Amino acid sequence: MKTENRPRLTGVALARRIVLYLALVVLAVPFVVPTVWMIASSVKPLNEIFASPPTLFTASPTFDAYVEAFEFQPFARQYFNSVYIAVLVTGITMLVSSLAGYAFARIRFRGRNLLFLVVLVGLLVPGEVTIVPLFQMFKQVGMINTHWPLILVTALAAPCVLATFIMRQFFIALPGELEEAARLDGLGRLGIWWRICLPLAKPALSAVAILTFLTSWNLYLEPTVYITSPELFTLPQALTRYTDAYGGEMWNTQLAAATMTVVPVLVVFLIAQKQFVEGLAHSGLKG
Amino acid sequence: MTRSTDRGASQDAPRGERPTRRRFWNLARRDSLTGYLFIAPQLVGVLVFVLVPVGLAIYYSLNDWNIFSGELQFVGGENYAALLDDPQLPAVLGATAIFSSGVVVLNIALGLSLAILLNRRFRGVTLFRTLFFSPVVVSVVAWTLVWGFLLQDNGGINGLLAQIGVVGPNWLQEGPTAMIAVVVTQVIRSVGINMVLFLSALQGVPRELHEAARIDGAGNAAIFTRITLPLISPTVLLTAIITIVGALQAFAQIAVLTEGGPGLSTTVLVYYVFQQAFDFNDIGYGSTLALMLLTFVLLLTVLQWQLRRKWVFYED
């Protein structure tokens, strides 16, 4: 009988299990409902968003808000900005951090530990502290209201240092024999890094990619400080600008834009959950 | 750039047919040159985008910025003295302390509870882990905007409260409730990470210890307080510090939800830095405040290192 294989749930155990499920469902409400509400409300007619009693789903869905999101702001352009910046930053970070992480882990050179410490300082200093002087620096070189600060700082400062650290920890654990063998086969350092170590480092690299992409995608303070032209905005910044001529918020338009920002990432998360969780837990730093 | 110059250097060496003693030394040298080239982009990045700016921040903090002429004037410790005279600063530091401690206490308590609830096998456990983790991947601004809607006076939360006959407060317009709102939304968005960290710590507790204790007659509560908690306490403490450091940097949540209001009730230090430097263009004082923030972060980091050293034998 099937029942023999299952843990017997009778009496107290069954009651406990039910209490556990109830507790988890109640706890999950504030984690899940806001996202569901966002998606559901983005297709509501405007007057239903603040209906009393509140409703989750509408009887008469409309996609007007989605159309308006693109008409009110250059939203497609802003979307593209966020995507290309995040992809570029992720690519640069993967390259820079795997090179540096490899060297710090596997190559002996004078001052290695000291230089590693210097690099780690990049992790200790929050971007919120350096943004005042960085703004002045970028102003000097005419990069205000361009995407350069968003790309350069994210790809080379704190987020990249975290990536370098993750890569170093990974490469340090690799057995040395692999490299010896590759060396005998005539591979140089660059060849070893590219053909031997990187293919092995896929878990660490995917952690780095996920972390960096999310950091860049979510960046808010930096674009707020550096970017002033709507066509150069990134998504988080654009989301806050859906206000009508009187300063009133355009609720459903904002929700439609927010949904378009959130859902793709959420879908990728659901597909590649394991990598996401491991990647983010790897850092323990976001928070 | 680095790659192309390097390819020549590193691939030449092993190709040499007969490695003599001199060639060998060349190889070692070339190897360390390769090392420098590999770390160069990262090192330069940290120098230019972290260390130089910190130096500049210190320099700015000793100067007064005239926004009309755009010139710096050396004022020595005036900006630091201004910290003491700033009538708003006590409120800002108070809000920072309440926000950070609120976030850390709630985050650790909730993260640990979730980890304990989900550290067992039952149908749907993976689904629940996914649900609790999911806000982590939602954009901060989108998440905060949605909560902003729900917390409006006529928003979803008060609408639900009205259903059970409770008149909810105007959450974001009153000091204490606004603070609760920013703390709770921040915690719910980010607690998934701590939950995962605690889960892996819990799974690192050897089963034999539990069984041995049970044989000795210990109950569930005793096992948790006497065995599990002491064993995972290093993780709890380190996570707590990481969470405080994260809370000290929470800008978007505040900017979108309350803009530091009502009054100064949710103006935390990082938001105040932003206001002084970019809204009021007071670069000198803004830099001074930024250095204060940096000092807090560094102190917490030193504390973390000390604790990690103390507990090093618990780590594998």
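My notes below go from confidence to the make-up of chain B and then to the interface.

**Confidence.** I am working from a predicted model, and for the complex as a whole I noted that the predictor gives an ipTM of 0.87 and a pTM of 0.86. For chain B I found a mean pLDDT of 85, with 89% of its residues at 70 or more. Over residues 1-17 of chain B the pLDDT stays under 50, although the model still has 29 contacts beyond four places in sequence for them.

**Make-up of chain B.** I listed 13 helices and two strands in chain B, and of its 316 residues 39% are buried. When I took the contacts in chain B between residues at least 6 apart in sequence, 69% of them turned out to join residues at least 24 apart.

**Interface.** How many residues of chain A are in contact with chain B? I found 83 residues of chain A in contact with 84 residues of chain B. On the side of chain A that touches chain B, helix α2 (residues 11-41) of chain A gives the most, with 12 residues. I also sorted that side of chain A by class and wrote down 58 nonpolar, 17 polar and eight charged residues.

Technical notes
Residues numbered from 1 in each chain as written. Chains lettered and ligands numbered in written order. Predicted model: local features only at pLDDT ≥ 70, side-chain atom pairs only at ≥ 80, totals over all residues. pLDDT = per-residue confidence, 0-100. Contact = placed C-beta atoms within 7 Å. Helix = DSSP H or I, 4+ residues; strand = E, 2+ residues; numbered from the N terminus. Buried ≥ 20, exposed ≤ 12 C-beta atoms within 10 Å, placed from the backbone. Nonpolar A, V, L, I, M, F, W, Y, C, P; charged D, E, K, R; others polar.
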